[in-house]
Amino acid sequence: TVLFLFPDHDEYRPPVWKSYLYQLQQEAPHPRRVTCTCEVDNRPKYYGREYHGMISREEADQLLSQAEGSYLIRESQRQPGTYTLALRFGNQTRNFRLYHDGKHFVGEKRFESIHDLVTDGLITLYIETKAAEYIAKMTINPIYEHVGYTTLNQEPTLKKHLPHSPEAPDGPVPAKGERNTEERLTSLVRRATLRESDLAPKYEKVHNFKVHTFRGPHWCEYCANFMWGLIAQGVKCADCGLNVHKQCSKVVPNDCQPDLRHVKKVYSCDLTTLVKAHNTKRPMVVDMCIQEIEARGLQSEGLYRISGFSELIEDVKLAFDRDGEKADISSSAYEDINIITGALKLYFRELPIPLITYDAYPRFIETAKITDPEKRLESLHEALKLLPPAHCETLRYLMAHLKRVTQYEKENLMSSENLGIVFGPTLMRAPELDAMTALNDIRYQRLVVETLITNEDVLF
């Protein structure tokens, strides 16, 4: 049970999870295998005695007429070599084309055994037949609005305790109170315990939902309804752990609050996910590397152009993935500053979505093609607005740093043009363009970064 604190009572009250669909799952017919009493030639090795060979629909119908949930497998007479699952439900025989690729399936879900497939199918058919209208309205009046961290940005309003009725949108509506509970039973409890100050900066992030099989009964953390079925009952956010129905996932707000238990690494992790998980303005790897470079490397000749030893750069990456902000990148650990610059460039190269995102890329390239300097700056200023806030903040910080690098050009020989050549392809990647177009874009990528460095004080 999930617990919430009501401000007018000094105790926890559980929300009411809606039990209607759970009760229906309990009532669903159970699978009854109709076995074949004689030996069948050419029976596929992955089917058992439920396989009856090439029998007609009428014969199958007669064999299944004894009870709800009865099932058998037959070879299709119309298309030999293909197989049909015949299943008794609602006093009629339903036929499904059956596939096997190491697992059994008739749709998206894949099962280890025919028994599991039929069990899940009967549950789904029963619930969707009995509760079609209820399911269609599930996303109306969700509990999520009251316990998600959307409430942390609102004034607390006391809601009355609603009576429990499985047919109606039910469950008490928890209000925002003293969230000092140590409970971590669901992602909703975790987000309910986050104080408003803990959420700054407020970067928006979409949930990273993946189909998930829940062991034991689970309820949707958006609509509070039971997640029915045997496997793949819903989706789970890989970054914050939110569990919801697939249909509910389409209406969940873009307010993912990543949990460090799910975000396991620093490199190759989505930038917004990383900063929200660590509750920082920018990725710690960017801040730490830049601080280290500015402390001891600004006058180093060929800074960012000269590569460090690749094995040691990989070592820095592993240190960040393992230790996060506790990673030691000091001169005693890595004397050569080019290892730190290499680690920073590698971080940007390995971002799944580049710092200048795929969505914004065409606009930045168009901007670079503008010859009038004033219009180019104006266009670049507008293009920056297309970046997610965490990306824009990180880009601002990086450009300010690279501007400082150019102030030591006499010593390090790195002009804004040289840095544009190094960082253009690192910060911008063409979204699935053909090789020729991508090659032509390189000069524009350089120009974008060069302009950003030169005008960072005006643009950001």
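**A sheet, its helices and a helix pair**

Let's start with the sheet. Five strands form an open sheet, in the order β3-β4-β5-β6-β7, and the pairing is mixed. Its edge strands are β3, residues 32-33, and β7, residues 104-105. Each of these edge strands pairs on one side only. Keep in mind that this is a predicted model.

Now look inside the sheet. Strand β5 covers residues 83-89, and strand β6 covers residues 92-100. They pair in the antiparallel sense, over seven bridges. Which residue in β6 is the bridge partner of Tyr83? That is Leu98.

Helix α2, residues 57-64, lies across β4, β5 and β6. Strand β4 spans 70-75, and α2 runs at about 160° to β4. Then there is helix α3, residues 114-130. Helix α3 lies across β4, β5, β6 and β7. Its direction is about 45° to β5.

Helix α9 is residues 284-296, and helix α11 is residues 337-349. Their axes come within 10 Å and cross at roughly 155°. Angles over 145 degrees count as roughly antiparallel, so α9 is roughly antiparallel to α11. The crossing of α9 past α11 is left-handed.

Which residues meet there? From α9 we have Val285, Val286, Cys289, Ile290, Glu292, Ile293 and Arg296. From α11 we have Ile337, Ile340, Thr341, Leu344, Tyr347 and Phe348. By kind, the contact of α9 with α11 has 10 nonpolar residues, one polar and two charged.

Conventions:
Residues are numbered from 1 along each chain as its sequence is written. This is a predicted model: local features need pLDDT of at least 70, side-chain atom pairs count only at pLDDT 80 or more; totals for chains, interfaces and linings use all residues. Side-chain values use heavy atoms; hydrogens and water are left out. Axes are lines fitted to C-alpha atoms, for helices over the stretch in contact, and angles run from 0 to 180 degrees between N-to-C directions. Helices (H or I, at least four residues) and strands (E, at least two) are DSSP runs, numbered from the N terminus. Angles under 35 degrees count as roughly parallel, over 145 as roughly antiparallel, 65 to 115 as roughly perpendicular and the rest as oblique. A crossing is left-handed if the near helix is turned anticlockwise from the far one by less than a right angle, and right-handed if clockwise. Contact means heavy atoms within 4.5 Å. Ala, Val, Leu, Ile, Met, Phe, Trp, Tyr, Cys and Pro count as nonpolar, Asp, Glu, Lys and Arg as charged, and the others, Gly among them, as polar. Two strands pair if DSSP finds at least two bridges between them.
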